[in-house]
Amino acid sequence: MERYFQPEIECASREQIQAWQDERLVKKVRDVYEHVPYYRKKMEEKGVTPDDVRSTADLHKLPFLTKDDLRDAYPYGLLARPLSDCVRIQSTSGTTGRRVVAFYTQNDIDLWDTCCARAIVAAGGTKDDVVHVCYGYGLFTGGPGLNGGSHKLGSLTLPMSSGNTERQIQFMCDLGSTILCCTPSYAAYLAESIYERGVRDKIKLKAGIFGAEAWTEEMRQDIQNKLGIKAYDIYGLTEISGPGVSFECSEQTGMHINEDHFIAEIIDPNTGEVLPEGEKGELVFTSITKEAFPLLRYRTRDICVLSRKKCSCGRTHVKMSKPMGRSDDMLIIKGVNVFPSQIETVLMNKGYPANYQIIVSRENNSDRLEVQVEMTPEMFSDSVSEISKKEKELIDALKAMLGIYAKVKLVAPKSITRSEGKAVRVIDNRNLY
Ligand code: DLL
């Protein structure tokens, strides 16, 4: 039987959800207009005042907010409460310039925890479960989000964080973990490691809550079969709070968006025009209950489809499909957000020509990043040891910029194929979408 964390909210009538959204949106628009000069300026530039927004039907009048706005306003420019009311900061994995810093009041943390608790219950979780969290803890929202949700539900929470597979499996066996929370690629790696060690019968897992990166239906089947569990998708982004913005239910056909907190729209990424339900486009979120860092009409760059078709689980909140791609060039590698422009900056700073290729692949369920860089003719005459030294320098500089290891291969001048149109800088062999 389907269970809910907050049935009166998760299964509310559409009219009720609409009423919550209308009321909360109007209040939030007034709030940011009053407290955030950055928003007021943007609204004034568009000729909108809070009086123009009387319900969600007026949402389209508001300006969009993008990652560029977040960068312009970094770090405090979008804060809607005094810093002294904030209790937490989280951040994305991107680096300077691209880094997103999000602030939370205690109420913001509570609502985030609640969203994650809903996700855990939708995956069959109860207070009697042992929730094994191996998303990263720290600035990344994965660990703290699922940890908070598990606490809220009253489950026994294992804050494992990522890495150390041996210890993960040991704890899983010894402490009887029943719900696994991690990225799908790590879940697949764990599944394989458990299988290889022949300890599957010592594992009590029944469900997994996997997100933070794209994964396919094939990958779901593989993880489900290897671990003998049901694998649920969870979506979210730091800007909007973290994991739990939406989550899958027993139907496993898309993720219910927590519409009492977030209004979702789908727009044409080129024109900004709002698209009707069922059409594919860029997902835009408005957070209507957050206090410290409420974002209005934030463009996620994730491409997906929304559906209000009746769901067999009984939840009434709109469902989003798995993201089907991005409308910008951001890559998610080992859970870290990487922009090709960051790689280019490193290469340029070190005096390399702009001829390079970024190759992303997945081996043994782990992402690999390789950067092939053309040498200048002068460099090409260097000895092998000189070239290795230069590669090592670039590996270090890329690690400092991206936070992850990238294999670097220096190649002969003019050896990277020139494209006749746009340069093909990124070859992503993972086939995730
Ligand atoms: O990845 C939050 C999260 C943590 C979600 C744990 C789920 C589980 P960011 O690091 O800010 O936040 O990255 C957000 O990751 O815009 C999507 O492009 C991508 N993403 C997140 N969840 C999914 C998913 C966290 N289930 C960006 N499927 C988003 C595909 C996802 N892509």
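Domain 1 (7-327) and domain 2 (332-428) both contribute lining residues to the second largest pocket, so this pocket lies between them. The domain bounds come from an automatic or database domain assignment. Before going further, some ground rules: this is a predicted model, where local features need pLDDT of at least 70, side-chain atom pairs count only at pLDDT 80 or more, and totals for chains, interfaces and linings use all residues. Residues are numbered from 1 along each chain as its sequence is written, and side-chain values use heavy atoms, with hydrogens and water left out.

Back to that second pocket. Its volume is about 520 Å³. Of the 20 residues lining it, Gly 136, Ser 162, Thr 183, Lys 334 and Gly 335 are the closest to its centre. A pocket here is an open set of points on a 1 Å grid over the protein atoms alone, with protein on both sides within 12 Å along at least five of seven lines; a cavity is a set where a 1.4 Å probe fits but cannot get out, and lining residues have an atom within 4 Å of a point. Grid points are joined across faces, edges and corners, and a volume is the space filled by probe spheres set on the points.

Which element gives the most to this lining? That is α8, with three residues; α8 (184-197) and β18 (366-374) each supply at least two. Helices (H or I, at least four residues) and strands (E, at least two) are DSSP runs, numbered from the N terminus. By class, the lining has eight nonpolar, ten polar and two charged residues, where Ala, Val, Leu, Ile, Met, Phe, Trp, Tyr, Cys and Pro count as nonpolar, Asp, Glu, Lys and Arg as charged, and the others, Gly among them, as polar.

Now for the largest pocket, at about 650 Å³. It has 38 lining residues, and the closest to its centre are Ala 212, Glu 213, Tyr 235, Gly 236 and Ile 332. The elements giving two or more residues are α6 (142-153), β7 (230-237), β8 (242-248) and β12 (298-304), and β7 gives the most, with five. The lining splits into 17 nonpolar, 13 polar and eight charged residues. Domain 1 and domain 2 both give residues to this lining, so the largest pocket lies between them.

On to the ligand. It is surrounded by 22 residues, the closest being Asp 233, Ile 234, Thr 238, Asp 302 and Arg 326; the cut-off is a heavy atom within 4 Å. Polar contacts are pairs of N or O atoms within 3.5 Å; within protein, one must be able to donate a hydrogen and the other to accept it, and residues adjacent in sequence count only if both atoms are side-chain atoms. A ligand oxygen atom sits 2.6 Å from an N or O atom in the side chain of Thr 238, and a polar side-chain atom of Arg 326 is 3.1 Å from an oxygen atom of the ligand. The protein covers 98% of the 600 Å² of accessible area that the ligand has on its own (Shrake-Rupley method, 1.4 Å probe; for residues, only the protein chains shown count as cover).

The peptide bond from Tyr 74 to Pro 75 is cis, with omega near -5°.
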